[in-house]
Amino acid sequence: YENLNFNRFSPFNILTINGLKIYSLDGKNYYEWHIPELKIGSSLFSSQNLKLSFSPEQSFQKGLNIYHLSTPNLTTKLQFNDNGLKELNMTAKNFQITDVLSAEYFNVSVQKTDSEDGLKFNPFFESTINIKNIHIDSSVDQPLDKDIFRIYIHANVAGKIQTAETYRESIDEWLHSGGMIDIKRLIVNWNPLLMVARGDMYFNEKLEPNLHLMTSSKAFIETLDLLEKDNLLDRKGTFVVKILLNNKAFKLRKDDRYNTITTPINFNSGEVLIENIPVKKL
């Protein structure tokens, strides 16, 4: 940061941070989030409630690429108790990444549950991500529709995250005790695709994800065709996958335009697999 300014008289603006940067120390995988101004305020009646106010113009850098963010209506509220973070809620309207995409509505909500035991499948944090009316900029080269109606994720962090000296130690202990993310519901409405899924995500010691989803969707084969035509998927793997999917595709209703398909989708060791067949190497 460039400057810190504490206000001793107003609880609504406790601290102003100018020129805040959150960045990676790894030059081979460099990223940077630049926030020109961040204000931290509190509730008049409780210091355990905090509100973060971000400057409307921000930037994010990944490698040599710099993206400019416009968040004119971004609000972030945090609530704490004696055991740490209890609830986080972030909402943005008319969010935009210049020359990439814009979104009419964006919300992230995280709430700690009342459970304090360390059972592997017991939810510790319950979270949702809800994004509506996304428009992809015309300069972005991709084969699907430029408008995404909705992306919704309801996921629980399962397993208790213990307090340690560093965040990394807390995460490592959580992983070793069987911590995972239980994806209760995933919705993707991206014309022509309509997908609903559930599944789970595990991580290895390097925090690399292993994702398993069981999906039910319409227009899935048509979406694969578009991605394959644009060379975004492996042709050999996709060819075999489409044969398998066509054999179990069905019309949920007689007047449906697209078939309904139920299929597993996995991401493991940098590969995307459909029906356990690799279709994309990342």
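This is a predicted model: local features need pLDDT of at least 70, side-chain atom pairs count only at pLDDT 80 or more; totals for chains, interfaces and linings use all residues.
Local features here need pLDDT of at least 70, side-chain atom pairs count only at pLDDT 80 or more, and totals for chains, interfaces and linings use all residues. Residues are numbered from 1 along each chain as its sequence is written, and side-chain values use heavy atoms, with hydrogens and water left out.

**Stop one.** Select Tyr1, Leu4, Phe6 and Ile14. Together they form a nonpolar surface patch with about 420 Å² of accessible area (Shrake-Rupley method, 1.4 Å probe, only the protein chains shown as cover for residues). Now pick out phenylalanine 6. It sits in strand 1, residues 3-6 (strands are DSSP E runs of at least two residues, helices H or I runs of at least four, numbered from the N terminus). Phenylalanine 6 is exposed, at 57% relative accessible area (exposed is over 50%, buried under 20%, partly exposed in between).

**Stop two.** Go to asparagine 191 and proline 192. A cis peptide bond joins them, with omega about 10 degrees. Proline 192 is in the loop between strand 12 (180-190) and strand 13 (193-203). Most peptide bonds are trans.

**Stop three.** Select alanine 219, in the loop between strand 14 (209-218) and helix 2 (220-229). Its phi is positive, about 65 degrees, although it is not a glycine. Alanine 219 is buried, at 0% relative accessible area.

**Stop four.** Finish at asparagine 276, between strand 16 (271-274) and strand 17 (277-281), in the loop. Asparagine 276 has a positive phi of about 65 degrees. Is asparagine 276 buried or exposed? Exposed, at 56% relative accessibility.

Methods: Patches are made of residues with over 30% relative accessible area and no salt bridge: like charges are joined within 9 Å, nonpolar side chains (Val, Leu, Ile, Met, Phe, Trp, Tyr) within 5 Å. A salt bridge is a side-chain nitrogen of Lys or Arg within 4 Å of a carboxyl oxygen of Asp or Glu. Buried means under 20% relative accessible area, exposed over 50%, partly exposed in between (1.4 Å probe, protein chains only).
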